[in-house]
Amino acid sequence: MSSDATVNDSLAAKFATEKDSPYTRWVAAEGLDIIAAHYVPDLRKVDLKPWERRGGRGVFINHEATRTSNDCYVCEIPAGGALAPQRQLFEEMILVLDGHGSTRVWNDAGGEVTFEWGPGSLFAIPLNAHHQHFNGSGQKAARYVASTNMPPVINLYDDVDFVFGTARDFPGRFNGEPDYFAAGGEQKGLLLDTNFVADAVNLPLIEAKERGAGGGHIRFAMAKGSMNSHISQFPTRTYKKGHRHGPGAHVIILSGTGYSMMWPDGEEPKRYDWGPGTLIVPPNMWFHQHFNTGTEPGRYLAFKHEAVSLRNNQGVPKAWISRRIGGDQIDYADESPIVRETFRKALAETGQEPEMDAAYEAELATLPPKQ
C-alpha cells in the first residue's frame, strides 16, 4: 500500500485544477515557494527567496495534505532593517530562530505597544492588528518561523485586499494594553494564557506522564486566538508514546538530538533524525513518535490549529488517549517490536542503553484491558 495513496496520471489529471487554490496562487504572487515536504532538517539553514513586498526573505512550508488548515513560513529580516508593516485577518504565532530585535503592534484607535525579542522568544500577533518587526543588529540577519491559519481565510474570501486591508479593530483581542506582551501569564491546568514567552527553550513545564516517559508539557492560549500550540520535553534515552491527530501540526525541535518515526496506519515506520531547528510535519492521521538519543532533554514546540486536536466528549485530545479505549495513542505494550529495536540500536551507536524500563512498568498500572 502506497503511503500517500498515489493514483495513476489519468485520474490525477481529472482533479489537477482543484489542487490549485487562492492560497497557493497568493504565495506564488508573493514570489515565494512552498516546501511540501514533511521534514526539514534545519529551519535556520533552509533556502529563502527575496520577499519584495515585506522587505525581507522567506519561504512557506506546507505539506500538501494539510494545506487547507494552517501553514508555516520562515522569514528573514535583513541586518539593520525592518519588515514592512502589515495587518491581517488571520492569526499568527512566531518563534524567533536567530537574532535580536523588536516588534511594534498598534491599532486604528491609537493603542500601541513595542516589545523586544531574542532567540527562543515566542509570541502571537493579535487579529488584524498592525505590526512591524525590526532587526536589532546591524551586522546579522534575524530569522523567525511562524504558523498561521491563513490558508482557509485566503481560500474563503479570495480577496487579498480584504484580508490584508480591512480597517477594523478587534479590541477584545488587542486594545493597546501596555502589558500585553509582558512575560508571564496565568496558568490554567496545562494551559498558559500569555501573549509572550521570552525563552521557549527554558520555559518551565508541567508534568505530563500521560504521554509517556516522564517529562513535561505546556499548552498556549495566545492573543485570544484559536491556534492550539504546545511545548513538550522528555528525558534523555527515552521516547514518547506514538500517536496521531489531524493535519497541520508543525513540530519544531528546540533542544536535544534524536529522531522521529512517522507512518500511516498499517505500514512500517520511517525514521527522521533531528536536532535544534529541525521541522517535522506529520501528515493527516499519520502515527508519529519522538525519540531522545542525546545527552540532554529533548524539547519541541508544536505549532497547530485547534482542528488538529480531535477530542473526546470530555474535551481531552484523543492523541492522549489509549487506542484500547478508542483514542489515538499507542500504549508501549502495544507498539511494534521495530520501535524498541530501532531505539536500542540508535543508542548503541553512542554507547548508551535505553532508560525505558520504569516507563514500561508505570504504564501497567493504568493500562486498559485489550478489546
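Me: Taking helices (H or I, at least four residues) and strands (E, at least two) as DSSP runs numbered from the N terminus, what kind of model is this?

Reply: This is a predicted model, in which local features need pLDDT of at least 70 and side-chain atom pairs count only at pLDDT 80 or more, while totals for chains, interfaces and linings use all residues. Residues are numbered from 1 along each chain as its sequence is written, and side-chain values use heavy atoms, with hydrogens and water left out.

Me: How many cavities of 30 Å³ or more are there?

Reply: There are 4. A cavity is a set of points on a 1 Å grid over the protein atoms alone where a 1.4 Å probe fits but cannot get out; its volume is the space filled by probe spheres set on points joined across faces, edges and corners. The largest cavity holds about 200 Å³.

Me: What lines the largest cavity?

Reply: Its lining (residues with an atom within 4 Å of a point) has 23 residues, with H230, H243, H245, K304 and A319 nearest the centre. Strands β16 (216-221), β17 (229-234), β22 (287-292) and β23 (298-303) each give at least two lining residues.

Me: And which residues line the second largest cavity?

Reply: Among them are W26, R53, R54, E92 and F164. The volume of the second largest cavity is about 50 Å³.

Me: Turning to helix α3, which of its residues are buried?

Reply: In α3 (residues 22-29), P22, Y23, T24, W26 and V27 are buried, meaning under 20% relative accessible area (1.4 Å probe, protein chains only). Just after α3, G31 has a positive phi of about 80°.

Methods. 1 Å grid on protein atoms, 1.4 Å probe; cavity = no way out; pocket = protein on both sides within 12 Å on 5 of 7 lines; lining within 4 Å. Buried < 20%, exposed > 50% of the residue type's maximum accessible area, 1.4 Å probe, protein only.
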